[in-house]
Amino acid sequence: MRYKLLQEGDIQVCVIRHPRTFLSKILTSKFLRRWEPHHLTLADNSVASATPTGYMENSISYSAIEDVQLLSWENAPKYCLQLTIPGGTVLLQAANSYLRDQWFHSLQWKKKIYKYKKVLSNPSRWEVVLKEIRTLVDMALTSPLQDDSIHQAPLEIVSKLLSENNNLTTQDHESIIVAIAPLLENNHPPPDLCEFFCKHCRERPRSMVVIEVFTPVVQRILKHNMDFGKCPRLRLFTQEYILALNELNAGMEVVKKFIHSMHGPTGQCPHPRVLPNLVAVCLAAIYSCYEEFINSRDNSPSLKEIRNGCQQQCDRKPNLPLRLLHTSPDLVSQEATLTESRLKPVIVTSNEIHVEVERNNTANQKMTANVGNDSEPNLIDCLMVSPTCSTMSIELSAQADRILGCYVEILKMLSDYDDWRPALASLLQPIPFPKEALAHEKFTKELKYVIQRFAEDPRQEVHSCLLSVRAGKDGWFQLYSPGGVACDDDGELFASMVHILMGSCYKTKKFLLSLAENKLGPCMLLALRGNQTMVEILCLMLEYNIIDNNDTQLQIISTLESTDVGKRMYEQLCDRQRELKELQRKGGPTRLTLPSKSTDADLARLLSSGSFGNLENLSLAFTNVTSACAEHLIKLPSLKQLNLWSTQFGDAGLRLLSEHLTMLQVLNLCETPVTDAGLLALSSMKSLCSLNMNSTKLSADTYEDLKAKLPNLKEVDVRYTEAW
């Protein structure tokens, strides 16, 4: 039978004084029954008379208890324990046998723990100490008590022993680790013990203790730890353990096998905490590689100051740990008058890091335009990554370089697991790396594999994380685009990212407008080189009237006509524009119903057959149309009522409609596969007065949001949804 360990104050003793023995009764938090002491049999078979009672003036310490026994003679009082202490005995009477046994085992445990604390606090011979540790571990494993402290108390005793004795040999270390290993199977090591384990991993990474003892401990940490912030030494121990694995002969192959063991053999990892914990360890390790430079930011030239030129010596604080070599006065004046095409580089050096930035006149003009602006620059500006700026090079120490290589490789491994990729993309979307890491060419080059995996994943929840987490903040899409800090190719990754985003639900004016404002040059350059995705982007910009400037439009047209694929797609665009003019020409029916089982192709063929400028009511109910037909629906200028009942029209099409058909008044989405992701886009359709979302995946929160943002909405059908 298992018992809960009693805590301090669980037993309160009320005594009757007797010449030879303390006859006692108990009061507990759960059992407040008063036991009458008039006929309790004492150890000497005498009977206590009624005497004044009261609480004991002084508590009995566990160290003062000489023995604990269960009363078992014939006339012994029921459910009693006998404690032997200096000067007499104390009888404890419980309410039942279970409570009595709980007290008995708890008192035995406390008594022995205090004994081991005393013995191990003053070690004389380590052979005896090791024997006592093994006995202590066996006692914890065989105790019938069920409490976290049963296993934690021995670990804390050993942890204190190791922290107070630094003269132990390596053999002593390993013997103690092996002795306490059984306790670590179901318990996290305490902080001091983690520090000891870290030291062992650093000093003896090839020890068999690392593989045989530490592996199950680290596996348990990764599977069950909920917050490394509360126990950072657990994270440090995990970090040092993985580095120790990397020091073995097989190196990263051993690490790869360990990561695979954490994931499991199936396609779905059964432990949801493994990935977040592994990512937390990786981020902390990568941060540590640049920690010296990060810590010196306060007194060193900041990246913003480098951006602004750092022209005045008085702008810098004295006695800097990093040395700033400024350009000579004549070069400063040359820079002010813009008579030189290049400047000498500004150099910032540290013990382990070297940063060099070269700027030309165009970059300096952009810098001086922002001088005096105290607002925090965005990430790309802060890193000096305009197309006119040269690269930054950062050199790390050999040890930091090994750590960086190991943990970036682990991020690559994590990105190879399909079930982990969505969560990994979400964790990395805010770019949780220091600016120094993003300015490090080796780091961004190695991390490119992870970003490529995100860009190749067809799931929207994955590749959407390439974009920034919020407006005004840079994302991986910006960093790896031409002119970005991490771009080391001719735009292949950028084109891949644009392709997957355009193929998803980002074929919208907002996305195209963002490209036109920030990445029009790279788009035109890649289109000039025959990239089909970029050619399509330019055609869509013209089709959706994204570009207002006439000269820019002509330049885009010239770019399209310079390649065969561009010329062909531009001709198709011109044909669509002519058809659009014919389609939107006034005339034709005001109501139209497509036959059931019609497809997207049938709808396209019908709309290309004449003028539909007067079409106000279109019913596609019970047809086989999908979100692809949205490209044709947005060309109907007078459309006010649209029936999509029981079609396969989804979120992607709904987003496109919400950007173009802002005058739509009636929309029927009954029994369509739309979800909250698409329904939220309807909040921009302010003219909607009737909306049917019957039998969709509408949630209550989204419904409330739509009601708040659609002031003209009068008729709503949400039956058979969560909001019903």
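**Exercise 1. Find which helices the buried residues of α16 pack against.**

*Solution.* Begin with the partners: the buried residues of α16 pack against α9 (274-289), α15 (398-415), α18 (441-456), α19 (460-463) and α20 (476-479). Contact here means heavy atoms within 4.5 Å. Helices are DSSP runs of H or I with at least four residues, strands are runs of E with at least two, and both are numbered from the N terminus. The model is predicted, so local features need pLDDT of at least 70 and side-chain atom pairs count only at pLDDT 80 or more, while totals for chains, interfaces and linings use all residues. Residues are numbered from 1 along each chain as its sequence is written, and side-chain values use heavy atoms, leaving out hydrogens and water.

Next, list the buried residues themselves. In helix α16 (residues 421-428) they are Arg421, Pro422, Leu424, Ala425 and Leu428. They lie on the same side of α16, because they cover an arc of only 165° around the axis. That arc is taken from the directions from the helix axis to the C-beta atoms. Buried means under 20% relative accessible area, exposed means over 50%, and partly exposed lies in between (1.4 Å probe, protein chains only).

An α-helix has 3.6 residues a turn, so residues three or four places apart point the same way.

**Exercise 2. Describe how α9 and α16 pack.**

*Solution.* Take the geometry to start: the angle between α9 and α16 is about 40°, and their axes are 10 Å apart. This makes α9 oblique to α16. Axes are lines fitted to C-alpha atoms, for helices over the stretch in contact, and angles run from 0 to 180 degrees between N-to-C directions. Angles under 35 degrees count as roughly parallel, over 145 as roughly antiparallel, 65 to 115 as roughly perpendicular and the rest as oblique.

Then look at the residues. On α9, Leu275, Pro276, Val279 and Leu283 make the contact, and on α16 the contact is made by Ala423, Leu424, Leu427 and Leu428. Sorted by class, the contact of α9 with α16 has eight nonpolar, no polar and no charged residues. Ala, Val, Leu, Ile, Met, Phe, Trp, Tyr, Cys and Pro count as nonpolar, Asp, Glu, Lys and Arg as charged, and the others, Gly among them, as polar.

**Exercise 3. Work out how helix α25 packs with helix α26.**

*Solution.* Helix α25 (residues 550-561) and helix α26 (residues 564-584) meet at an angle of about 120°, with axes 6 Å apart. That makes α25 oblique to α26. Ile557, Leu560 and Glu561 of α25 touch Gly566, Lys567 and Tyr570 of α26 in this contact. The classes come out as three nonpolar, one polar and two charged.

**Exercise 4. Is His173 buried or exposed, and which residues does His173 touch?**

*Solution.* Locate His173 in helix α4 (residues 170-184). His173 counts as buried, because its relative accessibility is 11%. Leaving aside residues up to four places away in sequence, His173 touches Leu168, Phe196 and His200.

Helix α5 (residues 191-203) and helix α6 (residues 208-224) pack at an angle of about 145°, with their axes 10 Å apart. The contact is made by Phe197, His200 and Cys201 of α5 and Val209, Val210 and Phe214 of α6.
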